[in-house]
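Here is a friendly briefing on one protein model, grouped by topic for quick reading. Please have a look at the sequence and structure before going on.

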Amino acid sequence: MGRVLYPGRFQPFHNGHAYAIGWLLERYDEVVVAVGSAQEGFTCQNPFTGGERVEMIRSYTKARGIDGRVWIITVPDIRMPPAWTSYTLSLSPRVEAVASGNPQVLDPFKWLGLKTIEIPLEKPELYKGTVIRGFMAKGLEWRHLVPEEVAYFIDEIGGVERVRRVCSSEGR
């Protein structure tokens, strides 16, 4: 069945991402999770570092016993989509296809001639990084939107306080 690339920012890794990985593992032997905007952290849009996002995803895959089937790579931004797609592919193990729930992510890969797969989104109105970060910033309940291991990790690193701090300072 091969290997598929799943790029995203994963800010934070949430239940929609977990659903997507499960969906992809039903169709492929392995999934390469490409953590984008890896050079960013400590901003409202990207509060968690690339390394912290890798840890979130790894804690999820280990707890589910799928870590042997999921590769995790980090990819810094390049503000030119065709160049970014080639760069991402150069950092990834070889893949047969690229999957995302976001057509804007898939289009440059399709343009390069790769097979692309649009992942059906699970509750996109809730499982969205901007929604979850907004809940954190406003002091609303967010833990039910992420895997248990990810909630624990975010608590452990003071992630909610960080989101509140960086989002309030950027709003000034």
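**Salt bridges, surface and pocket**

Arg-58 is partly exposed at a relative accessible area of 37% (buried means under 20%, exposed over 50%, and partly exposed in between, with a 1.4 Å probe and protein chains only). This is a predicted model, in which local features need pLDDT of at least 70 and side-chain atom pairs count only at pLDDT 80 or more, while totals for chains, interfaces and linings use all residues. Residues are numbered from 1 along each chain as its sequence is written, and side-chain values use heavy atoms, with hydrogens and water left out.

**Salt bridges**

- The whole structure holds 8 salt bridges (a side-chain nitrogen of Lys or Arg within 4 Å of a carboxyl oxygen of Asp or Glu).
- Arg-58 pairs with Asp-67 at 3.3 Å, N to O, and Asp-67 is partly exposed at 28% relative accessibility.
- Arg-64 and Glu-149 form another salt bridge, with their closest N and O atoms 2.7 Å apart.
- That pair links distant parts of the chain, 85 residues apart: Arg-64 is in helix 2 (residues 50-64) and Glu-149 in helix 6 (residues 148-156).
- Helices (H or I, at least four residues) and strands (E, at least two) are DSSP runs, numbered from the N terminus.
- Arg-64 counts as partly exposed, at 41% relative accessibility.

**Nonpolar surface**

- Ile-78, Met-80, Tyr-87 and Leu-91 make a nonpolar surface patch of about 330 Å².
- Patch residues have over 30% relative accessible area and no salt bridge; nonpolar side chains (Val, Leu, Ile, Met, Phe, Trp, Tyr) are joined within 5 Å, like charges within 9 Å.
- Accessible areas come from the Shrake-Rupley method with a 1.4 Å probe.
- Tyr-87 sits in helix 3 and is partly exposed, with a relative accessible area of 31%.

**Largest pocket**

- The largest pocket has a volume of about 1,100 Å³ (on a 1 Å grid, a pocket is an open set of points where a 1.4 Å probe fits, with protein on both sides within 12 Å along at least five of seven lines; lining residues have an atom within 4 Å of a point).
- Its lining has 39 residues, and Pro-7, Gly-8, Arg-9, Asn-102 and Val-105 lie nearest the centre.
- Helix 1 supplies the largest share of this lining, 4 residues.
- By type, the lining comprises 16 nonpolar, 16 polar and 7 charged residues.

Technical notes. Grid points are joined across faces, edges and corners, and a volume is the space filled by probe spheres set on the points. Ala, Val, Leu, Ile, Met, Phe, Trp, Tyr, Cys and Pro count as nonpolar, Asp, Glu, Lys and Arg as charged, and the others, Gly among them, as polar.
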